[in-house]
Structures are given as C-alpha cells and as structure tokens.
Amino acid sequence: MTDPIRVSAGRRGDGAIEAAVRTAEPGAVLVLEAGEYREALVLDRPLSFVAAAGVRAEQIVIRAVPRSDGPVLTVAADVRVWGVTIDAGDGTGVAVSVTAGAPEFGRCAVLKGRIEASGDAAPAFRECTLSESPAVGVLAADRSRVTLERCQIRDSGGLGVAGVDDAELRITDSGVTASAGIGLRLMGNAAAQVTNSTFEQVAEAAVQIEGASRLTMSGSRVTGTGRTGVFAGGTATLELNDCEVTEATGSGIACRQQARGSVSGTTVRDVGGNGIIAGGDAELTLAGCRVERSAFSAYHADDRASLSAEDCHVQDTPEHGFRAAGRALLRIEGGTVTGAAMSGIHMDGASDAEVSRCEISSARVGVAIQTRRRPLFRLVSVTDTERAGFEIGKGSNPILSSCHITDAGSAGVYVDTGSSARIEDCEITDPAGSGVVVWEGASPTVTALMVSGSGKNGIYVKDGGHGLFDRCTVSASEFPALHVGSEADPVFRACRIRDVNEDLALGEDARPVFEDCVTENVKISTLPVSGVVVTASSSAASSSSSSSSSADAADGSSESGAEDDSTSPETIDDLLAELNSLIGLARVKQDVAALVNLMRMVKRRTEAGLAPPPLSRHLVFAGNPGTGKTTIARLYGRILTVLGMLESGHLVEADRGTLVGEYVGHTAPKTTAVFRRALGGVLFIDEAYALVPAGMSNDFGQEAIATLVKLMEDHRDDVVVIVAGYPEDMNRFISVNPGLASRFSRTLNFEDYTPDELVEIVDHQTKTHQYELTLAAKAALAAYFSTVKKGAGFGNGRAARQVFQQMTELHAQRVAGMTDVSAEDLFHLRAEDVPG
C-alpha cells in the first residue's frame with residue numbers, strides 16, 4: 001500500500017487537490033490539510049480523501065471555482081470522501097454529481113448546492129449535512145441507488161430529497177428541515193425506504209409520492225408541514241409503519257387517484273385538515289392508527305376510494321370520526337371514536353360501509369347515515385351522545401345488527417322518511433328521548449330489539465309511519481311504551497311490554513296490528529292480547545296522554561332531522577313565482593327559467609335512461625352592487641334542491657378575506673374549510689375578482705383559485721359555486737386560470753335598476769314597514785333616481801333601501817314639528833320626505 005499523499009491548500013489552494021489526484025495511483029489516500037481549496041474535481045478512479053489529524057470538516061473547504069458551470073465534485077468511481085466541506089458557492093447549484101461507482105461520503109458538509117446521482121451510481125452519505133441548496137437537496141435519477149444515513153438536509157430552496165425515473169433511496173436516522181418545497185418527493189418508478197427519520201417545518205407536503213413510485217417509511221416523524229403531511233397519488237404505493245404526523249396545515253395522510261396505501265401503528269395529531277383521507281380510486285388500509293384533534297373529519301373517504309380501518313382510534317374532532325362520501329367504501333373493524341363534535345361515523349352520497357365492533361362515545365350523533373346503499377353495522381356500541389345514537393336519513397336502508405346504544409341525548413335510533421332499515425338483535429338503554437323513532441313514511445323491520453329506561457316512549461311511530469316490530473321488548477319507559485301516530489300502521493308481533501305505567505298511546509285513526517304480544521307489570525294497559533287491529537277509538541288511552549306522548553317523542557327526535565310536517569314542501573312553481581315577483585331583473589329571470597327547463601330535461605332524460613345534455617351548474621353573476629345577485633343565488637340553491645340536484649341548497653357567502661391566508665400554506669386550508677361548509681348547497685363568492693388583484697400574479701389568491709378548481713372537480717355533484725362582481729372585472733377573473741373558464745361557462749348579467757324599479761323597491765320597503773307613499777312622493781322619488789349619479793359607488797337596490805331609511809328619518813323630523821298629528825301623518829311619506 002502506498003503512503004498517504006498530503007495535500008496543502010497553500011496560499012490560494014487553486015487546483016491543489018486536482019494536482020495530487022493526477023499523480024495518485026488507484027486506491028491512494030489523500031490527506032487534506034486545513035484550508036480553502038478552489039476546485040472542480042473529476043474523480044474517475046478509486047481514491048480516498050480524509051482530513052488531517054485534528055482537522056474538523058469545517059476547516060477543509062472545497063469550494064467551486066469562480067464562474068464555473070459544473071459541479072464541485074464529479075464522481076464516477078468508488079471514491080471515499082471523509083470529513084470535508086463541499087461548497088457550491090455561486091455555481092450551478094450542483095455540489096456533488098455521482099455518475100458511476102459506489103462512493104462513500106462521511107461526516108461531510110455540503111453547502112449551497114445539491115447532491116445528484118445518475119446512471120447506475122450507488123453513493124452512500126453517512127453523518128453528512130446538506131444546507132442551503134437553491135433547488136433540491138438530494139436528487140436521485142435514472143437507476144441510481146442513494147443511501148443517506150444519519151444525514152441532515154436543511155434550508156433547501158425547493159425539494160429536500162427527490163427520486164425520479166427508476167432511482168432508489170434508502171434514508172435512515174436522517175432529517176429534512178425547513179425545506180421551501182416538499183421534503184421527500186418520488187416520481188416515475190422511484191422507490192424509497194425511510195427509517196427512523198424526521199421531516200420538520202417543510203413548506204409544502206413533507207412526503208409526496210406520485211407516478212408509480214413506492215415508499216416504505218417506518219419509525220419516522222413528520223411535523224410542521226405547510227400542506228399535507230404524507231401524500232400518495234398516481235398509482236403510487238405507500239407503506240407507513242409506526243410513524244407520527246403532527247401539526248400539518250393540511251391533512252395528515254392522503255391517498256388520491258389510484259394510489260395504494262397501507263398504514264399501521266401510526267398517529268396523526270393536531271392537523272389542519274383531515275387526519276387520514278382517501279379519494280379518487282385510492283385504496284387505503286389502516287391498522288392500529290390513531291387520529292387526535294384533526295380540524296376536519298379524522299378519517300375521510302370520498303369519490304370511489306376504499307378505506308379499511310382495523311383497531312383505529314379517534315380522539316376529539318370538530319367534525320366526524322369517520323366519514324364516507326361519494327361512492328366510497330368504508331370498512332371498520334374494532335377501534336374507538338371519542339369526542340366527535342358531529343358524528344362518530346357519517347355516511348352520505350352513494351357510499352357504503354361495513355362496520356363491526358366499533359365503540360363510539362361522547363359524539364353529537366353516534367352514526368349518521370344518508371346513503372342510497374345498504375351499509376352494515378354489526379356489534380357497534382354508541383354511548384353518551386348529544387343527539388341520537390343512530391340517525392338513519394331519508395331513503396337510507398342500513399342494517400343494524402347486535403348494536404348497543406346507551407345514554408343517547410335524544411332518540412336511540414331515529415329512522416327518517418322512506419327508510420326501510422333493518423334493525424336486528426340490538427339493545428337501547430336509557431335514551432333521553434324515545435328508544436326508536438320511526439318518522440312518517442318510514443318502514444323499518446325491527447327484530448329482537450330491547451329498549452329499557454327511555455326518557456320518553458320505548459317505540460315511537462309518527463303519523464303515517466309503518467314498520468314491523470318482531471319479538472321486541474320495551475321496559476321502564478317514562479311515557480307509554482308504544483306510541484302510534486295518526487294513520488300509522490306498524491305491526492307488532494310477539495312483543496313484550498313490562499314495568500311501565502302505560503303500554504300504548506294512539507293517535508287519531510292509528511291502525512297498528514298486534515299479534516301475540518304480552519304485558520307484565522303495566523298499570524294502564526290497552527294493548528290487546530290477541531292479533532287484532534287497534535284504532536284510537538277502541539283504545540282506553542286518554543287523548544291527553546296520547547297527545548303528550550306524541551309531542552314529547554317528536555321533540556326527542558326532532559334534532560335528528562325530523563321535519564315539521566305542517567309545512568308543505570316547496571315546488572318549482574312556487575319558486576318560479578317567487579322569482580317572478582322580484583322587482584326588475586327581467587333578463588336574469590329569463591336566464592334562470594331557461595336553466596330550470598334545461599335541468600328538468602336533464603332529470604327526465606336521466607330517469608328515462610338517456611344520456612343527459614351537457615350542463616354546467618356553476619355560474620358567473622356579472623353586475624354592479626345591489627342588483628340582487630345574492631338574492632338570486634339563494635333562490636337558485638333552493639331551486640336545485642327541489643330538482644334533486646343539491647342536498648340542502650343552503651348559501652355560504654365568501655370573499656377574499658375568508659378564502660385567502662396571510663402566509664404560505666394558509667390559503668388552501670382556509671379555502672377548503674369554506675368550501676366544505678357549502679357542500680350540499682351554494683358557495684357564493686362576492687367580488688371574486690379580488691382573488692387576483694390586477695398586476696399581482698404571485699398573490700396568494702392564485703392558490704385559493706387553484707384549490708377551488710380542484711375542490712369543484714372533486715365535489716362536482718355536491719356543490720354549486722357562483723362567482724360575482726363587476727362585469728369587466730369578472731371577465732379578467734375568469735381568464736386567469738384555464739380551470740375557471742371550463743367550469744364557469746355561463747354568465748348571468750344583472751342590469752342596473754331603472755328609476756321606476758328603484759321607486760318600486762322603496763314602495764315595497766314602505767309597505768313592509770307599515771308606511772305608505774303618496775303619489776307626490778312617488779313622483780319625487782322618480783325624479784330623484786333619474787338625476788342621482790350612478791357611478792361605481794351606486795348601490796342600486798341597496799341605495800333604494802338607504803333612501804327609504806333617510807325618508808323615515810326626515811318624516812320623523814317633520815312630524816315631530818307638527819302640533820296636530822293625524823293617523824295619516826304617522827304613516828304617509830310625502831314628497832318633502834324625499835332626500836334633496
């Protein structure tokens with residue numbers, strides 16, 4: 001073995017190492033003295049570079065040659081570099097480029113440039129630090145294999161670590177901190193194995209894998225990310241074991257598109273979105289996971305995703321513990337949900353579920369079901385809910401088997417209109433309301449149910465309700481064990497009523513059927529002992545008792561979605577009449593009527609099995625302030641609800657302040673939160689052009705728009721978005737993003753009100769507030785509105801309402817000065833009350 005070659009930087013250090021390399025034989029050891037070396041080295045044969053005895057890495061600096069376009073080190077052999085600093089300085093951003101071989105770097109510091117591996121290179125970096133790279137910290141490309149052990153990547157201007165093509169990364173006991181982009185990103189067919197590593201304070205996602213990439217991560221920690229903690233998209237494969245994700249601004253873990261994920265023993269805590277979410281066609285399998293204090297639902301599945309959770313847990317969420325939407329499939333085996341401010345489990349859309357052995361406690365609602373599928377809930381325990389244990393929505397037909405509901409705040413199980421749910425071998429104990437509430441038009445099949453200790457009725461069947469109750473037992477209810485409302489016709493077969501004051505209360509024309517039912521220890525019994533139809537006239541129950549039971553049982557379940565059947569549902573004709581009664585807006589009325597006709601045709605063709613014509617429900621409202629845009633938006637939502645195209649039709653109003661954040665990573669969660677409140681209804685964004693101020697292309701509003709476009713695509717059947725503002729500004733707004741133009745293809749133009757229409761608005765206000773305009777006052781108003789300036793600040797209908805308010809003030813001053821005030825003087829508004 002040859003003697004080590006000692007290298008000294010001398011006074012300048014330019015080319016000192018290169019000169020030594022030229023004379024060194026393969027396998028030689030170069031010992032570097034302290035100093036600064038200005039080099040652009042190409043290392044193409046096995047050599048070792050080590051620090052002289054007692055010299056620290058920061059004392060040996062290999063720095064880029066000034067005005068050099070290449071890397072500081074280009075390595076194509078089994079080189080060993082130990083204990084030096086490599087500084088890319090003002091170069092191209094590449095500090096170390098490894099194109100071949102299996103070099104080793106130990107206890108090195110890499111500054112201001114990336115480490116890049118390509119070809120079939122297999123470099124290993126151990127106990128190294130990399131900081132201030134302008135774009136990427138470590139880039140693995142082609143078929144390279146990069147090992148990072150006990151390394152730290154800090155302050156990267158873009159990505160911390162990236163793998164592309166067919167590259168492989170092995171990251172152990174390492175960390176990525178303060179990256180301005182994504183901590184670890186995999187694309188193409190890249191793969192990575194991450195063990196006992198940390199990703200902290202990353203501006204975007206901590207870990208993002210796309211394409212057909214593969215990631216296995218275990219024993220690692222993600223904290224303080226600007227967006228999602230761990231994201232998988234494309235056809236990527238994700239495996240997380242015993243990891244922790246905390247304080248992400250977005251969701252903790254997300255699988256989208258066709259990604260496949262397996263997550264075990266992982267905790268997600270204090271995140272600004274969902275804890276764990278699956279969307280698109282993703283498949284996500286969870287085991288032994290825990291989500292604590294997520295800002296949105298702890299576990300969420302939407303689109304056509306599949307989410308399976310075994311022995312997973314939820315602690316404290318302002319939304320739902322588990323939520324399934326769209327056509328998602330949710331499988332839950334075991335686990336707990338504690339402290340869900342909405343529902344322990346929530347289902348809507350066309351989602352489906354298989355839930356077994358899950359325990360839910362301290363939720364607003366235990367399980368809320370609003371889906372066209374037939375989900376199965378088996379051995380589910382629900383305890384201490386603010387409202388119902390199970391809320392079964394309109395037309396929903398779940399199966400409840402061997403479930404146990406205790407201490408529900410209202411009904412144990414609430415069954416809404418049109419439901420034919422099956423409830424088998426379940427037990428309901430100590431509900432504050434009735435044990436089971438069956439609403440008008442519902443027809444559940446209930447078998448072997450036990451209800452005890454109800455604060456109201458054991459079983460309450462509302463007016464017009466149906467259902468079969470077979471081998472059910474009701475005991476110790478405060479109100480009559482069974483309540484059957486007017487014209488309800490449930491069948492009670494082989495049921496048992498015991499330990500109650502009264503067994504039966506009937507509404508007028510109730511028609512229940514009793515077959516082989518028995519009573520025990522009942523003080524007032526009117527329940528027949530053989531199979532007969534009982535009507536209210538044949539029951540000994542007092543009308544006051546029946547009425548009281550009905551009212552109280554309905555009260556116990558009204559919070560669970562029961563409707564007031566004294567209110568007739570709205571019809572399209574009603575809503576169109578309301579539209580036509582509005583003052584002015586002739587062109588808008590025509591446009592809305594045309595939209596209604598188109599939507600009716602869509603509905604009819606769909607019902608006939610024909611393809612619907614193209615339809616964009618999202619709208620642009622272009623007009624000056626005060627022209628009725630918000631009023632029409634609210635009415636449009638109600639119309640779509642009646643047509644069956646929206647679930648609720650409620651209106652959520654937003655503007656730049658509610659959508660755009662004040663710092664990086666703040667905007668998307670704000671926009672998402674507002675959008676989520678609008679699901680099922682209309683999101684109305686007033687002065688939408690303010691999201692993209694003229695001349696400010698890099699404003700955070702662009703992020704809000706991009707988020708909005710994505711959410712509109714993800715929830716295209718669940719929400720309608722209306723953007724509104726000045727006509728010329730709205731044209732600019734729509735042009736800033738191609739996604740906006742494709743989604744907002746229809747504009748409704750709101751014209752300014754004419755003077756006569758403004759007078760009509762004032763006249764409407766006077767009648768609403770019990771005043772009356774004289775003919776002279778109307779003429780004076782017409783003259784006033786004909787001459788008032790209608791510039792950018794003119795408020796149209798808002799201005800008319802302000803004029804009315806001014807008139808009432810002037811009227812009050814005038815009447816106050818009168819000595820003899822007649823009744824007409826108190827409500828007549830005269831010409832002299834019109835503002836000058």
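**Entry 1: H3 against H4**

I looked up where helix H3 meets helix H4 and found Ile572, Asp573, Leu576, Leu579 and Asn580 in H3 meeting Lys589, Val592, Val596 and Arg600 in H4. Contact here means heavy atoms within 4.5 Å. Helices (H or I, at least four residues) and strands (E, at least two) are DSSP runs, numbered from the N terminus.

I noted the record before going on: this is a predicted model, with local features needing pLDDT of at least 70 and side-chain atom pairs counted only at pLDDT 80 or more, while totals for chains, interfaces and linings use all residues. Residues are numbered from 1 along each chain as its sequence is written, and side-chain values use heavy atoms, with hydrogens and water left out.

By class, the contact of H3 with H4 has five nonpolar, one polar and three charged residues. Ala, Val, Leu, Ile, Met, Phe, Trp, Tyr, Cys and Pro count as nonpolar, Asp, Glu, Lys and Arg as charged, and the others, Gly among them, as polar.

I then looked up the geometry. H3 (residues 572–580) packs on H4 at an angle of about 165°, with the axes 10 Å apart. Axes are lines fitted to C-alpha atoms, for helices over the stretch in contact, and angles run from 0 to 180 degrees between N-to-C directions. H3 and H4 are therefore roughly antiparallel to each other. Angles under 35 degrees count as roughly parallel, over 145 as roughly antiparallel, 65 to 115 as roughly perpendicular and the rest as oblique. H3 passes H4 in a right-handed crossing; a crossing is right-handed if the near helix is turned clockwise from the far one by less than a right angle, and left-handed if anticlockwise.

**Entry 2: H4 against H5**

I followed H4 (residues 586–607) to helix H5 (residues 629–642): their axes come within 11 Å and cross at roughly 20°. That makes H4 roughly parallel to H5. This crossing, too, I logged as right-handed. H4 brings Val588, Val592, Leu595, Val596, Met599 and Lys603 to the contact, and H5 brings Ile632, Tyr636, Ile639, Leu640 and Val642. I sorted these residues into 10 nonpolar, no polar and one charged.

I found the axes of H7 and H8 9 Å apart, at an angle of about 40°. That makes H7 oblique to H8. The crossing of H7 and H8 is right-handed. Thr667, Ala668, Thr671, Thr672 and Phe675 of H7 touch Glu703, Ala704, Thr707, Leu708, Leu711 and Met712 of H8.

I next looked up the second largest pocket, which holds about 1100 Å³ of space. Of its 39 lining residues, Thr228, Phe231, Arg256, Lys710 and Asp714 are the closest to its centre. Helix H7 (667–678) and helix H8 (701–714) are the elements that give two or more residues to this lining. H8 supplies the largest share, seven residues. The lining divides into 11 nonpolar, 15 polar and 13 charged residues.

On a 1 Å grid over the protein atoms alone, a pocket is an open set of points with protein on both sides within 12 Å along at least five of seven lines, a cavity is a set where a 1.4 Å probe fits but cannot get out, and lining residues have an atom within 4 Å of a point. Grid points are joined across faces, edges and corners, and a volume is the space filled by probe spheres set on the points.

**Entry 3: Cavity**

I searched the whole structure and found one cavity of 30 Å³ or more. The largest cavity holds about 50 Å³. Strand E15 (129–131) and strand E18 (152–154) each give at least two residues to its lining.
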